[in-house]
Amino acid sequence: MKKQYDIKFAARKYQTQDGQEKTYWSQHGTMWIDEEGKVTIKIDSIPQSASWDGYFKAFPHHPKEERFVQKDDLDDVSF
């Protein structure tokens, strides 16, 4: 089973409503590591930021929650 990672860049810092400083990470590709330890990297884009120093970071991939609309839910919608 391949391990999947998201390739990201720290695009900017921002403040939360409670005053915490956080980092916004922009997605730029995917990396896979197979059972033999071989690494495959797919770069989808390159940051257009003056602060980009040529380095990315790899984070374990966490799929977004898929949202499905139930057919029964559509019956209540008026058009």
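Strands here are DSSP runs (E, at least two residues), numbered from the N terminus, and two strands pair if DSSP finds at least two bridges between them. This is a predicted model, in which local features need pLDDT of at least 70, side-chain atom pairs count only at pLDDT 80 or more, and totals for chains, interfaces and linings use all residues. Residues are numbered from 1 along each chain as its sequence is written, and side-chain values use heavy atoms, with hydrogens and water left out.

Begin by selecting S1 (residues 3–15) together with S2 (residues 21–33), two antiparallel strands that are joined by twelve bridges. Within this pair, Lys8 has Gln27 of S2 as its bridge partner, while Ile7 has Gly29 of S2.

Next, select the turn of this hairpin, where five residues lie between S1 and S2 and where Gly19 takes a positive phi near 90°.

Finally, show the whole sheet, which is open and consists of four strands with antiparallel pairing in the order S3-S2-S1-S4. S3 (39–43) and S4 (57–60) are the edge strands, and each has a single partner strand, so one side of each is left without a neighbour in the sheet. Neighbouring strands of this sheet are turned by 45° against each other on average, direction ignored, where the axes are lines fitted to C-alpha atoms and angles between N-to-C directions run from 0 to 180 degrees.
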